[in-house]
Amino acid sequence: MSGPSVAEFRAVAQPHSTMDRNSGEHWAGVLYMRKLSIYVTWFLAKTPITPNQTTWLMILSGLLAGVVLALPGLGAAVGAALLIQLYLLLDCSDGELARWTRRTSITGVYLDRVGHYFAEAALLIGLGFRASQTLPDWYTVMGFAAALGAILIKAETDLVDVARARSGLVAATESSAEQFRSRGLGLARKAAAALKFHRLVQAVELSLIVVVAAVWDLLSGGLAATRVLMVACVVVAVLQMALHLVSILASRRLS
């Protein structure tokens, strides 16, 4: 007797309740990765690998991307970008596999969040080493600073639910993030969200921009593009960290 078809598999692993969320799904997932991941998940379901083991592979891919990016040359930049694509693929597949096998767990959710923290931090640290002429120098320091900023941005979001749980409240809804005590702050947040400058320090976008910078450096014979990108990442990380904190405090998420 043959196994389930991909269509039957997709109905369980990629339900509309998950795929149609307004937030939480990366644009690359919507654009192409979910179309690929369902086949990978379909294959993984035939193996002994568990959803949490898939998440561990995702974490490893993200960390390796940072290590590879620290190496010089265009090839290393392309290799890091490919590892981030693998990271994104596994990030899609672990949840799909958990839904299909009915092995969703709090541990899985926790590991998934840890993986996002690690991947973005590793990539920014790797970029700092890549931009450095001697080790350590100010670009190395900026890589660690940007990584810390990226981690704190995510922590600010996650700590909302921690604060609500400790106060006996349920997790914040998507609508509460759009409700502000001040109309002016609400408009400012929408304007900042429309610019999407925060994506510069996110793993998928940064890995692609690094390849562009590496091509520029190869043609110009230096590290100017990579160094400009490193400075931009620090500025964006610090600015976004401050703006995100103000946005949370001004919204209805803590009430």
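Trainee: How are helices H6 and H7 packed, in angle and in distance between their axes?

Mentor: In this predicted model, H6 (residues 106-131) and H7 (residues 138-166) pack at an angle of about 160°, and their axes lie 7 Å apart.

Trainee: Why are H6 and H7 called roughly antiparallel?

Mentor: The angle is about 160°, and angles over 145 degrees count as roughly antiparallel. H6 and H7 are therefore roughly antiparallel to each other. As for handedness, H6 passes H7 in a right-handed crossing.

Trainee: What makes serine 93 count as buried or exposed?

Mentor: Serine 93, found in helix H5 (residues 74-101), has a relative accessible area of 0%. Buried means under 20%, so serine 93 is buried. Leaving aside neighbours within four places in sequence, serine 93 is in contact with Ser37, Val40, Thr41, Leu44 and Thr54.

Trainee: Where does UniProt place the feature "transmembrane region"?

Mentor: The unreviewed UniProt entry places this feature at residues 57-90, 138-155, 197-216 and 228-250.

Trainee: What is the helix content of the chain over residues 197-216 and over residues 228-250?

Mentor: Residues 197-216 are 70% helix and 0% strand, with the end C-alpha atoms 21 Å apart. Residues 228-250 are 100% helix and 0% strand, with the end C-alpha atoms 33 Å apart.

How values were computed. Residues are numbered from 1 along each chain as its sequence is written. This is a predicted model: local features need pLDDT of at least 70, side-chain atom pairs count only at pLDDT 80 or more; totals for chains, interfaces and linings use all residues. Side-chain values use heavy atoms; hydrogens and water are left out. Axes are lines fitted to C-alpha atoms, for helices over the stretch in contact, and angles run from 0 to 180 degrees between N-to-C directions. Helices (H or I, at least four residues) and strands (E, at least two) are DSSP runs, numbered from the N terminus. Angles under 35 degrees count as roughly parallel, over 145 as roughly antiparallel, 65 to 115 as roughly perpendicular and the rest as oblique. A crossing is left-handed if the near helix is turned anticlockwise from the far one by less than a right angle, and right-handed if clockwise. Buried means under 20% relative accessible area, exposed over 50%, partly exposed in between (1.4 Å probe, protein chains only). Contact means heavy atoms within 4.5 Å. UniProt positions are given in the numbering used here, feature names are shortened, and annotations may be inferred rather than shown by experiment.
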